[in-house]
Structures are given as C-alpha cells and as structure tokens.
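Subject: Structure handover

Hi,

Here is the structure for you to open alongside this note. My findings follow below it.

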Amino acid sequence: MRPFGNDITNIPANTNGGNGGNNDPNDGNNDNNRNNGRNSNINSEDNAEINISEDPNIPPHIARIGGIGTFPPIAGQGVIRVVQRCEDAKENHKLDLSNCELMQVPEAVYHLMRNTELVTCNLSGNVLKSVSPKFSQKFSTITDLNLSHNKLTRLPEEFASLTALTKLNISNNSFIVLPPVVFKLQSLTSLDAQNNAILEIDTEEAIASDCLALVDLRNNPLSRNCRRKLENFKTSFLLEISKEVEDDW
C-alpha cells in the first residue's frame, strides 16, 4: 500500500503501442509511437485524477489509497467524517462518532486518539452489534458514553474498568437482559436503558456505585415476576419503569 498522498508516476510505456521493436520496418516511427503510448498513459492518469476530484468532499490523499481510485460516495464521506471528528476530539476531548454507519469502532480511531484523553464519547445512531474490550482500555478516562440507537445485545465485562464513567446511555438497542457489568461501574450516576427488549434483571447483584441517582427502564417488556421484584425493591436511586399493560388475551 502506498502512503497517503503519493501520486502514481513512472508507469512503464505501453510497448505494444509502439507497433514493434528493432525489426519493425517502421522503426523510424518508434519514438513517436512510444511517446504516443506515454501520452495515452498520462491521459489515463489525468482521467483518474479527474475522477478523484469529481467529488470535492473527498480529498485526494484519502480517495487514493493503494492506487488510483475512489471510495463509493457514502463510504468516502463516512471516512472523512470519522477522521474530521477525531481531529476535533483532539481539541475538545469529546469524540462524536454518531450517525457514521459504523459496524464497529475502527482500529484507525484508536490510533488517531492514542495521545488524547477523552471525556465523552458518542457512538449513537450507528449499527454496532458489539463493542470491543479494547474500547475500555483505550478510552479509560471517559465520563459520558452514549451507545443509544444501535443493535447491541451485550457489553464486555472489561467495561468495569471505566472507573470514571458517570453517565451511560444504552437505550434503543436489543438487550434482553440488563448487562451485569453496569452494576460494577464504580462512579455511575445515570443509566438510560429504555426502549430495549429487557425481560429480566438480576436484582441480587450488588451495585458498586454509591452515587447512582437514576436508572431508566421504561418501555421494556419486563416479566411480571421481574416487575414485582422491582416494585418491592428498595433503592437509593430513582428507578423508572413503565406501567404494566394487561395481556390482551
């Protein structure tokens, strides 16, 4: 792979375009033919450059990776969006990767953020199905994490090392149980888990945080047994659940 920004140059001439070698009766025209071949290649390069620059939103050094070519419009714009937001995060320590069509956190993000201590991270509005354990290792200083509006079904146990995390939003995902690791977050003050598919919660699990103030479980299909346990569960924090809807049968 060529480094970003390198032009492709010194492409060999098209010898077939010269119509022969030393034995060619038209040998006197070889130089002209070779020049024509070179001009043809140069024109091809120029056309490729034109293709790259057709979309003014895609810088050539990003569009040209591993050769002359362009990303599809959505992919190219997504790459630019992620890179630009990482650059912004270096200044304000707030990484906003919301609505970037991410299926996972790209390795390049960890590389770009390697010397930045993040305070907040917003990954909402993507198509994440999981979050790598590496996330908590690389972004251990965050205090606010938004994972809402994805397709998550679990959180890694390594999230317990996010000792500075005070606010966690996992709403509008596909959890069927409340991730046990949330009970281990030492500094958690607010947990938004509404609009999932949560049926059960292990109320016997000890809560590590002494400053938890709000747990929002509204709009989850909690089982009747779980709902009764929660209603009788004495908490030092505000627990919000939806009113029970009678079965229509």
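**What was found**

Y110 and F139 are both buried, where buried means under 20% relative accessible area, exposed means over 50% and partly exposed lies in between (1.4 Å probe, protein chains only).

Before the rest, some ground rules. This is a predicted model, in which local features need pLDDT of at least 70 and side-chain atom pairs count only at pLDDT 80 or more, while totals for chains, interfaces and linings use all residues. Residues are numbered from 1 along each chain as its sequence is written, and side-chain values use heavy atoms, with hydrogens and water left out.

**Aromatic pairs**

Y110 and F139 also form an aromatic pair. The structure holds 3 such pairs. Rings of Phe, Tyr and Trp (its six-membered ring) pair if their centres lie within 6.5 Å; planes under 30 degrees apart are stacked, over 60 edge-to-face, and the rest tilted. The Y110 and F139 pair is tilted, at 5.5 Å centre to centre and 45° between the planes. Y110 lies in helix 4 and F139 in the loop between helix 5 (134-138) and strand 3 (144-146), so the pair ties together parts that are 29 residues apart in sequence. Helices (H or I, at least four residues) and strands (E, at least two) are DSSP runs, numbered from the N terminus. Ring pairs link Y110, F135, F139 and F159 into a cluster.

**Nonpolar core**

The largest nonpolar core has 46 residues. Such a core is a set of buried Ala, Val, Leu, Ile, Met, Phe, Trp, Tyr and Cys residues joined through side-chain atoms within 4.5 Å. L95, F135, L147, L155, L168 and L178 touch the most other members. Helix 3 (73-92), helix 4 (107-112) and helix 6 (224-231) are the elements that give two or more residues to this core. Helix 3 gives the most, with 3 residues.

Take L147. Leaving out residues up to four places away in sequence, L147 touches L123, V131, L152, L155, F159, L168, N169, I170 and N173. Contact here means heavy atoms within 4.5 Å.

Two strands pair if DSSP finds at least two bridges between them. Strand 4 (residues 167-169) and strand 5 (residues 190-192) pair in the parallel sense over 3 bridges. L168 has L191 in strand 5 as its bridge partner.

D216 is found in strand 6 (residues 214-216). D216 is buried, with a relative accessible area of 5%. Its contacts, leaving aside neighbours within four places in sequence, are L191, D192, A193, Q194 and E240.

**Cysteines**

How many disulfides does a search of the whole structure find? The search finds 0, with a disulfide taken as a pair of cysteine sulfur atoms within 2.5 Å. For C100, the nearest cysteine sulfur is that of C86, 8.8 Å away. C100 counts as buried, at 6% relative accessibility.

C226 is buried too, with a relative accessible area of 1%. C226 lies in helix 6. C226 touches L199, E200 and I201, not counting residues up to four places away in sequence. The C-alpha atoms of C226 and I201 are separated by 6.8 Å, and these residues are 25 apart along the chain.

Best wishes
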